[in-house]
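User: I would like to go through the side-chain interactions of a model, one question at a time. Please give the cut-offs as the terms come up.

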Amino acid sequence: MDIIYGTMELMKSQELKTVAIQLRKRGKTYAEIQAALGTEVPKSTLSYWCSGIVLSDKQQERIDRIKHASNVKARAAALAAIYKKRSEYLQGFAELNKSIASLCEDERLAKTALAILYLGEGSKGSGKITFGNANPDVIKLFLTLLRFCYKLDEAKFRCTLQCRADQDIKKLEKFWQDVTGIPSKQFYGARIDPRSIGQPSRNTAYKGVCRIDYLSAGIFYDIMSVIDVLFVEYSLPKYMGR
């Protein structure tokens, strides 16, 4: 019985090989041959069977075109899979931390967040609030926290744009007015970086740096006191080595 079964398998293999060779001589790709055979013959086996076949230039060009298209499709699928996996990975962090936003409804926590943000991007020696950044979201966050934590006089805000020589200042001012909610009359004249004169901007999305000034020594010193408290608290030995 085993001999009969083995003989039948050999005949089937010979038939598959014959068909595969015929298809290859017609210029079919190995993927097309696999589909035509209707069975999973490895490409390495097909390559061995068809090793002596010489394709015409036209046939080889067709196979090369199909291979290229297949490789492009495979790369796109691989990139899509990587993007999906990374998106799911990052979404996990978003889900983990989304409850933090509600914590900032507590004024003490909001003030702590404001102080840490100011520690990174604010001026510490001016006796007034001075904060600058090129990222609109950072500016929005700063102003949202500042307005939440303190009762402000909006007329005390001043804005200064720092931009490149070839940028449209009017458009930049309108952009930052919309971001900050501060009217144009409270914008100082833009400051152009002299190093950019005669140098075309490469990053068309760059909107310059928006510097926010709020004329209040009291709020400035209050924020600095929060920073001092954080420095004292988190420099204690109990936090060392973490």
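User: In which strand is the place of Arg-211?

Analyst: This is a predicted model, in which local features need pLDDT of at least 70 and side-chain atom pairs count only at pLDDT 80 or more, while totals for chains, interfaces and linings use all residues. Residues are numbered from 1 along each chain as its sequence is written, and side-chain values use heavy atoms, with hydrogens and water left out. Strands are DSSP runs of E with at least two residues, and helices are runs of H or I with at least four, both numbered from the N terminus. Arg-211 falls within residues 209–214, which form strand β4.

User: Is Arg-211 buried or exposed?

Analyst: Buried means under 20% relative accessible area, exposed over 50%, and partly exposed in between (1.4 Å probe, protein chains only). Arg-211 has a relative accessible area of 19%, so Arg-211 is buried.

User: What parts does the salt bridge between Asp-222 and Lys-111 tie together?

Analyst: The closest N and O atoms of Asp-222 and Lys-111 are 2.9 Å apart. Asp-222 lies in helix α9 (residues 217–234) and Lys-111 in helix α6 (residues 107–121), so the bridge ties together parts 111 residues apart in sequence: helices α9 and α6.

User: Why are Glu-88 and Lys-84 separated by about one helical turn?

Analyst: Glu-88 and Lys-84 form a salt bridge, with the closest N and O atoms 2.5 Å apart. At 46% relative accessibility Glu-88 is partly exposed, whereas Lys-84 is exposed at 51%. The separation is about one helical turn because the two are in helix α4, apart by four residues.

User: How many aromatic pairs does the whole structure hold, and what is the geometry of Tyr-89 and Phe-93?

Analyst: Rings of Phe, Tyr and Trp (its six-membered ring) pair if their centres lie within 6.5 Å; planes under 30 degrees apart count as stacked, over 60 as edge-to-face and the rest as tilted. A search of the whole structure finds eight aromatic pairs. The ring centres of Tyr-89 and Phe-93 are 5.0 Å apart and their planes are at 90°, so this pair is edge-to-face.

Methods
A salt bridge is a side-chain nitrogen of Lys or Arg within 4 Å of a carboxyl oxygen of Asp or Glu.
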